Amino acid sequence: MAKPSSPSSSASSPVAHASSQFPVRSIADTTSQAAITATVSDDEALIAIRLRRSRRREHLRSAAVTTLLLVLLVALAYVDLAFGHELYSFSDIVSVAEAKLAGGDPVPGLSFVIAELRAPRVAVGALCGLAFGLAGATFQHILRNIMASPDIIGITAGANTAAAFGIVVLGLSGLRLSAFALIGGLATAALVIALAWEGGTPSIGKLILMGIGLAAALNAVSSWILIRADQWDMQSAQRWLTGSLADAAWPQVAPIAVVVIVAGLALTALNPHVDMLRFGPKLATGLGVRVARTQIAAMLLAVVLLSAATATSGPIAFVAFLSGPIAARLAGPGKPAIGRAGIVGACLVLASDIVAQHLPQAHVPVGVVTSLIGGPILVILMIRMARGKKV
Amino acid sequence: MTTLTSHDADHQHLPHAFEARHIALAYDGHEVVPDFSLTVPAHQVGAIIGPNGCGKSTVLKALARLLKPTHGSVILDGKSINTLPTREVATKVGLLPQSPTAPEGITIADLITRGRYPYHGLRGGWNTDDEQAVAHALNATGLAGLADRSLDEVSGGQRQRAWIALALAQETDILLLDEPTTYLDIAYQIEVLDLLSYLNASEGVTVVMVLHDLSLAARYADWMVAIDHGRIAAQGTPGEVVTESLLHDVFGLNASVTTDPGTGLPIMVPAATHSLKAQREAYARKAS
């Protein structure tokens, strides 16, 4: 019935298969209509079963990866809470949490360090990491290039410069500061896209080069603002240069949490459409994706996330850039990975914070550690790109 | 023997009234096509030909709603495709752009899955229809054995068949292809065109493709349209379109057209002056 086709079927047959494990109809086998009909149905049922199996395998794998990442995030959060100058036990942390949540008396000697210093630091770090990871991967997906991450193409620098100006010159804080950073981020995104405009769409190569140039100029501006500031001190300056969690406090947590939840959910809803953009605007349009609308909506959400995180922790270097590729590696080749990039971003920030606090000699801001990881990786990717490989 | 319920009947494609009505096309205000009309006959294979920059890909873009006409409209079953919901159009008209790109490392099965996008809501619920459509696309293109292979590691012909399988999983009745044979060597070009002919014969898919190679276009098309400077220079059967006068007027090429004894279709052979020997002789005459 089902005839295995000859492996050497030549190109003159439209159905020339290299190594079919399944008997697939060959056009040459036109013995009788009935035989063909039966063969095709049987084959397709078999193929469908095999597709279902591999789909199930992939779902399991992807659920396992997400679960492991979440476990890692919780573990890192715990380590960041418990290991400092002094080591706290699990029961210490639970009793402090009980006191804080139930509104009871603070635990002497523990509550201040754990609940007021470390917990907000962990919360801000995780939320900002999520925001950077989601925003970076969204840009990388839409523009179909790892280098098109917002921290490379100047959008983070735009939000950061606006935030530094907002704090130093205008004395803003909280949601107002985030909104001001957002304006800076959006304006920079619009400027980079306009500069890279070429025949109806932004050219990705131009966008990356323009963005790198603009980022350098904006970083100079923010340095100048910091140097001119009266309240100049190393700690706050470092926050705006590389990103730091040193100033994290509870009042910062609520605004960034709201932004991450709302924008994160919206991005998740957009994900099936954003995924199609990875196949290029023409194919996506042919498949019924409203390309321009999807691009604009996803980029707006990404800039909102990025600006809110930058206004909170400063531009923690390279987290947006690194999270997408790491998540893509974990998710498997060709799979969409924006959501997981968010979790990876949070893990990166917390892990870097743990390292930053335990470096001998001095405490360094978290951004210094992420720079130490991200810089070399950027160089490696640049070299690969220059050699004409896909990155 | 299994029962004789024709399986291919599940995949028979419906005829649609599909036409471009006096469309004008422009890029950034620069007009490329002033006034173009074309009725696409259902269940037939058509080829759009013309020299580089003549506007043939632009016309295909308009048919695929990638480019909105400045005047006139492309009509699908009585309605303009620019006003119909784009996903509804995507269930009837499929497009394979020239040299499409995919994320690195994606498997062939995963790529083909994307053809089901138009049938899904905001959160895609995968069902047996989707599964069958993908299985059929894999089977019809002979890619079942390569389903789990990465698109990056298969041959050029197999890769192009995978892209056609994606369009097939989309289950559209009309398939538009922009130079589906570009960058393929001659055996793969024939392989791709054979596959499209097979899909047309077995399932009644209506095919419209932009092609460079005139002799191949004549071999694989029911009808042809030659475009020159955004205007239709000739239209009809391959025998009516591929003529010596058209080659001279549209392509600026002195060539003779003969009939292929095997197919009875026209084949184009450039004039004897376009050869190494003739050019050498011409040079020798000039030098002496």
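# A tour of a predicted two-chain model

In strand E9 of chain B, Met224(B) sits opposite Ala47(B).

- Six strands make up an open sheet with mixed pairing, in the order E6-E7-E8-E3-E9-E10 (chain B).
- The edges are taken by strand E6 (93–96) and strand E10 (231–236) of chain B; each has a single partner strand, so one side of each is left without a neighbour in the sheet.
- From one strand to the next, the twist averages 15°.
- How do strands of a sheet hold on to each other? They pair through backbone hydrogen bonds, either parallel or antiparallel.

**Strand E3 of chain B**

- Strand E3 (residues 45–49) of chain B is mostly covered, with five of its five residues buried.
- Which residues cover the two faces of E3(B)? Val45(B), Ala47(B) and Ile49(B) lie on one side, Gly46(B) and Ile48(B) lie on the other, and all are buried.
- E3(B) pairs in the parallel sense with strand E8 (residues 206–210) of chain B, over four bridges.
- Within E8(B), Val207(B) is the bridge partner of Val45(B).
- E3(B) also pairs with E9(B) in the parallel sense, over four bridges.

**Helices of chain B**

- Helix H9 (residues 244–251) of chain B lies across strand E9 (223–228) and E10 of chain B, and runs at about 165° to E10(B).
- Val241(B) belongs to helix H8 (residues 238–241) of chain B.
- Is Val241(B) buried or exposed? Val241(B) is buried, because 23 other C-beta atoms lie within 10 Å, and 20 or more is the cut-off for that label.
- Leaving aside neighbours within four places in sequence, the contacts of Val241(B) are Met224(B), Ala226(B), Ala234(B), Gln235(B), Gly236(B) and Leu246(B).
- Val241(B) and Val207(B) are 34 residues apart in sequence, and their C-alpha atoms are 18 Å apart in space.
- Helix H4 (residues 128–140) of chain B has 13 residues and reaches 18 Å from its first C-alpha to its last, close to the 18 Å expected at 1.5 Å a residue.
- Buried residues in H4(B) include Ala133(B), Val134(B), His136(B) and Leu138(B).
- Just after H4(B) comes Gly142(B), with a positive phi of about 70°.

**Loops of chain B**

- Asp77(B) is found in the loop between strand E4 (71–76) and strand E5 (79–80) of chain B.
- Asp77(B) counts as exposed because it has 12 other C-beta atoms within 10 Å, and 12 or fewer is the cut-off.
- Not counting residues up to four places away in sequence, Asp77(B) touches His16(B) and Ala17(B).
- Although Asp77(B) and Ala17(B) are 60 residues apart in sequence, they are 4.8 Å apart in space, C-alpha to C-alpha.
- Ser99(B), in the loop between E6 and helix H3 (108–113) of chain B, is not a glycine but has a positive phi of about 40°.
- Ser99(B) is exposed, with 12 other C-beta atoms within 10 Å.
- His229(B), in the loop between E9 and E10 of chain B, is not a glycine and has a positive phi of about 50°.
- With 14 C-beta neighbours inside 10 Å, His229(B) counts as partly exposed.

**Chain A**

- Chain A contains 13 helices and two strands.
- Chain A has 391 residues, of which 46% count as buried.
- Among the contacts in chain A with a separation of 6 or more, 70% come from residues 24 or more positions apart.
- Helix H3 (residues 111–143) and helix H11 (residues 319–331) of chain A pack at an angle of about 70°, with their axes 7 Å apart.
- That angle makes H3(A) roughly perpendicular to H11(A), and their crossing is right-handed.
- Where these helices meet, H3(A) contributes residues including Gly129(A), Phe132(A) and Gly133(A), while H11(A) contributes residues including Val319(A), Phe321(A) and Gly324(A).

How values were computed: Residues are numbered from 1 along each chain as its sequence is written. Chains are lettered from A and ligands numbered from 1 in the order in which they are written. This is a predicted model: local features need pLDDT of at least 70, side-chain atom pairs count only at pLDDT 80 or more; totals for chains, interfaces and linings use all residues. The expected span of a helix is 1.5 Å times one less than its number of residues. Two residues are in contact if their C-beta atoms, placed from the backbone, lie within 7 Å. Two strands pair if DSSP finds at least two bridges between them. Axes are lines fitted to C-alpha atoms, for helices over the stretch in contact, and angles run from 0 to 180 degrees between N-to-C directions. Angles under 35 degrees count as roughly parallel, over 145 as roughly antiparallel, 65 to 115 as roughly perpendicular and the rest as oblique. A crossing is left-handed if the near helix is turned anticlockwise from the far one by less than a right angle, and right-handed if clockwise.
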